[in-house]
Amino acid sequence: GTSIEKMSQGMGKAIALDAVGSFLQAFVLVHAIYYAGARSVPMAVGVGFMNWLGFVAFVQLGSWTYEKKPFKLFAINTGFSLVSFVVMGAILTLWGLNWG
């Protein structure tokens with residue numbers, strides 16, 4: 001129910017805020033990977049998945065249950081976050097394996 005013009009307003013600010021949020025997620029996730037002792041990509045993917053499950057999926061679940069938003073919207077939003085956490089975990093672990 002929103003026009004393209006209205007969605008385009010403030011796009012630069014939204015992208016900048018999203019970038020900052022992504023770096024913050026990566027910062028927190030790299031610490032979770034480190035503390036979990038994940039030294040392989042599958043282990044880091046598991047850490048990313050568990051962080052997504054505990055901190056994203058269940059928080060977003062309220063949008064679906066209480067706000068009666070469509071399940072498809074829930075799946076799209078949380079699916080995007082799932083892919084982000086899993087890929088981020090893999091990249092951070094591959095990068096971290098070179099740290100020594």
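The largest nonpolar core has 13 residues, and Leu 29, Ile 33 and Leu 92 have the most contacts inside it. Two or more residues of this core come from each of α2, α3 and α4. The structure is a predicted model. The exercises below work through the packing.

**Exercise 1.** Find which element gives the most residues to the core.

*Solution.* Start with the contributors: α2, α3 and α4 each give two or more residues. Then look for the top count. That is α3, with five residues.

**Exercise 2.** Classify the packing of α2 against α4 from angle and distance.

*Solution.* 
- Step 1. Locate the helices. α2 covers residues 11-36 and α4 covers residues 71-96.
- Step 2. Take the geometry. The angle is about 60° and the axes lie 10 Å apart.
- Step 3. Apply the cut-offs. Angles under 35 degrees count as roughly parallel, and 65 to 115 as roughly perpendicular. α2 and α4 are therefore oblique to each other.
- Step 4. α2 passes α4 in a right-handed crossing.
- Step 5. List the contact. α2 supplies Ser 22, Gln 25, Ala 26, Leu 29, Val 30 and Ile 33; α4 supplies Phe 85, Met 88, Gly 89, Leu 92 and Thr 93.
- Step 6. Sort by class. The α2 contact with α4 has seven nonpolar, four polar and no charged residues.

**Exercise 3.** Trace the contacts of Ile 33, leaving aside neighbours within four places in sequence.

*Solution.* Ile 33 is in contact with Ala 38, Ala 44, Val 47, Gly 89, Leu 92 and Thr 93. Now place some of these partners. Ala 44 and Val 47 belong to the α3 side of its contact with α2. Gly 89, Leu 92 and Thr 93 belong to the α4 side of its contact with α2.

**Exercise 4.** Decide whether Asn 51 is buried or exposed.

*Solution.* Asn 51 is found in helix α3, residues 41-65. Its relative accessible area is 14%. Buried means under 20%. Asn 51 is therefore buried. Beyond four places in sequence, Asn 51 touches Leu 29, Ala 32, Val 56 and Phe 85.

Notes:
Residues are numbered from 1 along each chain as its sequence is written. This is a predicted model: local features need pLDDT of at least 70, side-chain atom pairs count only at pLDDT 80 or more; totals for chains, interfaces and linings use all residues. Side-chain values use heavy atoms; hydrogens and water are left out. Axes are lines fitted to C-alpha atoms, for helices over the stretch in contact, and angles run from 0 to 180 degrees between N-to-C directions. Helices (H or I, at least four residues) and strands (E, at least two) are DSSP runs, numbered from the N terminus. Angles under 35 degrees count as roughly parallel, over 145 as roughly antiparallel, 65 to 115 as roughly perpendicular and the rest as oblique. A crossing is left-handed if the near helix is turned anticlockwise from the far one by less than a right angle, and right-handed if clockwise. Contact means heavy atoms within 4.5 Å. Ala, Val, Leu, Ile, Met, Phe, Trp, Tyr, Cys and Pro count as nonpolar, Asp, Glu, Lys and Arg as charged, and the others, Gly among them, as polar. Buried means under 20% relative accessible area, exposed over 50%, partly exposed in between (1.4 Å probe, protein chains only). A nonpolar core is a set of buried Ala, Val, Leu, Ile, Met, Phe, Trp, Tyr and Cys residues joined through side-chain atoms within 4.5 Å.
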